[in-house]
Amino acid sequence: MAIYLKFLKLFFFTFFSTVFLNLFLFFYPSLISSKYDSSNFISTKLQSTSNPAKFGTLLGITDGGVEVFSSDYDSIDDGPGPWEDPEWFSNFVNGTYTGFKWQCVELGRRYLLLNYGVVYDSIPMAYDIFRLKSVLRVSDNIRLKMHAIKNGEAELPQKGSLLIWSDIGEFKRTGHIAVIVNVGEDFVDIVEQNVDDTVWPKGQNYSRRLQAERKDGKITLKCTFPDTKILGWMNIDFNETYSYDGYPNCKPSQIKKEFVTLPASIANKPWLDESIPYLKVFTDSYGHELGSADKPSPYYTIPESFETALNFSTNELHKLFLDATDYVLHHEKDIGPHFRIPEKLWPKIRRSWFRHRHDIISGRFDYTITDKGLKVYEYNADSASCLLECGYIQSKWSEVAGVGNVGRSDADGLFKQLVETWTEKVVDGPLHLLCDNDKEEIYHSLYMKSAAEEAGIECHLLVGVESVKWTSCGSNLQDAEGRVIKNIWKTWSWRTALNQITDEEIQKYLTEHDENAKVTESSTNEGRKPPQLVDILLHDNIRIFEPLWTLLPSSKAILPVLWKLKPNHPYLLNSQFVLTPEFLKAGYVAKPVTGRAGANVSMFDAQGGLIEKTEGRWDQDQEVYQELAMLPKLDGEYVQFCTWAVGGAYAGTVLRIDKSGIINLQSSVSALRVISD
């Protein structure tokens, strides 16, 4: 425990140094307990004081008797004490979790709870509070409206407003939150934790006073740290319940199935440029023909308002799934078992979330469209298919088939978005794109490779893992040409990798990570087995896109968590870990937690009758239950809308079509066009 505390002190004292941050997380990833908001744990000690108060010292008392404490971790004793239990750092008020002692997010939540009986949602970082739209009234679980006002606008902050900083300068990586406790003509007083750990002067009820400039009816707040940026403040309307009015939506009647008859002159001729590697593999997989000659070929149209709903919901849901991921990570003991993840792997997942939260390139949402609007089935954040079909194939097919002038594609910008996303990642060293020896995975990888190369990244394709070897010193992995593997983008799911090892063997990876991080050149590989997929993906010296934490939002177990956090959200379906009377009365779907590609899914109607069932290898898996919401059916075929989030933002939609109501790997793809309303 003494080592733990020494590194804890070192971490918070030198957080702004990336070197020390990486060393702390490298040597002690397991110390970041699942009970802690990442926004709470990773935060910056901003103001160096000559005589900070010891950790936990009462600095002062503000409105409603809310106490503000020192968060000087450097002063925690090395010896025995309650801090030896990581859960001691979690703070609760009358059973309600407020955060990690004694961080800025914890104080903000506790202030609202004690003064107004409300709390804001779990968020990954302090600056994420600025996008929240509601708070939860703890007494009755009613949501109240909260809205953001940008710094420099006309709506004034008020007593109890949350002041939010961006993640730059002194608040790099996390942002910051304070609570406004007094609004003067040319100043505001704020209370905060984890900034200045000195006891307040006698009679003072605030931490800092910030200058306020008023001009033309607007107000701008100035921080005492010159390299920071105040995003604005959050005002809560305690008399107005929050609803989702204004969220764009759509309905099945807006989907139209159209047909075009392809003459033999174009139907049977090659239509893709096979000099482009990913198109050559695509053609090898599906053939050269555009379609059947002199027979109607289907495509679909939706109005622009429908696309607006897909766009908005994708952006909204990406954030919600990440919020739910953070919630799971600090409620692991209660929720973690539902995910069927080995207990020993959770520290590595937490470390992945804290260090590589932004290393997600792309993910796919699967939707149904109901009379109540669009509803998301799940988020394939780990690995997903149909990226090339979305970003290129459907548009090219429409052009060659003669329907390119029918409205427009909504995915023509997908490839550019991929390039921009790869550019933002600042990849150090070559990128290896790892896939199985499967044509669909290969052309998917080649398409991604093309985008990464356009972003200026040196790329190499790895088909299978047989060519991957240990380096001579044994600390790293290399490809067949001897290039050390530093970065991996993969098509393989994390579940596939984890299936290669037992729960007990996971400890080997954690131990090697902790103890053998710096292997000497004299180390050898004598007697060492050839690397497996799991050796590559869990290797500590390799940066993975999509990272380990994407196991969580990709799991069906995240669905009940989302419903718990956002019940009755217009884009969510009621999902539970147990089969409820409500489901039995209205119909439901049973899904395996770790299942993929529509396998082992069962649908039941309101009378308990089986509608449809698929087979697969997850028949013994734990199930989650989701309210029944069938896919829209047009001309005897079911249509599933699949939207891509690239870099966390909407990039386009691809349609999956099948006579079955459960989409699977063999389901076909049809072109989508967006027309005017």
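Guide: A cavity, as the term is used here, is a set of grid points where a 1.4 Å probe fits but cannot get out. The model under discussion is predicted. By that rule it holds 5 cavities of 30 Å³ or more.

The largest cavity has a volume of about 70 Å³. Its lining includes Ser 362 and Gly 363, then Asn 380, Asp 382, Ser 383 and Ala 384. His 444, Trp 489, Lys 490 and Thr 491 also belong to this lining, and Glu 546 and Trp 644 complete the list. Two or more of these residues come from strand S16 (362-370), and two or more from strand S22 (487-490). Sorted by class, the lining of the largest cavity comprises 3 nonpolar, 6 polar and 3 charged residues.

The second largest cavity has a volume of about 60 Å³. Asp 121 and Ser 122 take part in its lining, together with Leu 320, Asp 323 and Ala 324. Leu 562, Leu 565 and Lys 566 line the second largest cavity as well. Here the contributing elements are helices: helix H7 (304-329) and helix H17 (558-565) each provide at least two lining residues. H7 gives the largest share, 3 residues. The class count for the second largest cavity is 4 nonpolar, 1 polar and 3 charged residues.

Key:
Residues numbered from 1 in each chain as written. Predicted model: local features only at pLDDT ≥ 70, side-chain atom pairs only at ≥ 80, totals over all residues. Heavy atoms only, no water. 1 Å grid on protein atoms, 1.4 Å probe; cavity = no way out; pocket = protein on both sides within 12 Å on 5 of 7 lines; lining within 4 Å. Points joined across faces, edges and corners; volume = space filled by probe spheres on them. Helix = DSSP H or I, 4+ residues; strand = E, 2+ residues; numbered from the N terminus. Nonpolar A, V, L, I, M, F, W, Y, C, P; charged D, E, K, R; others polar.
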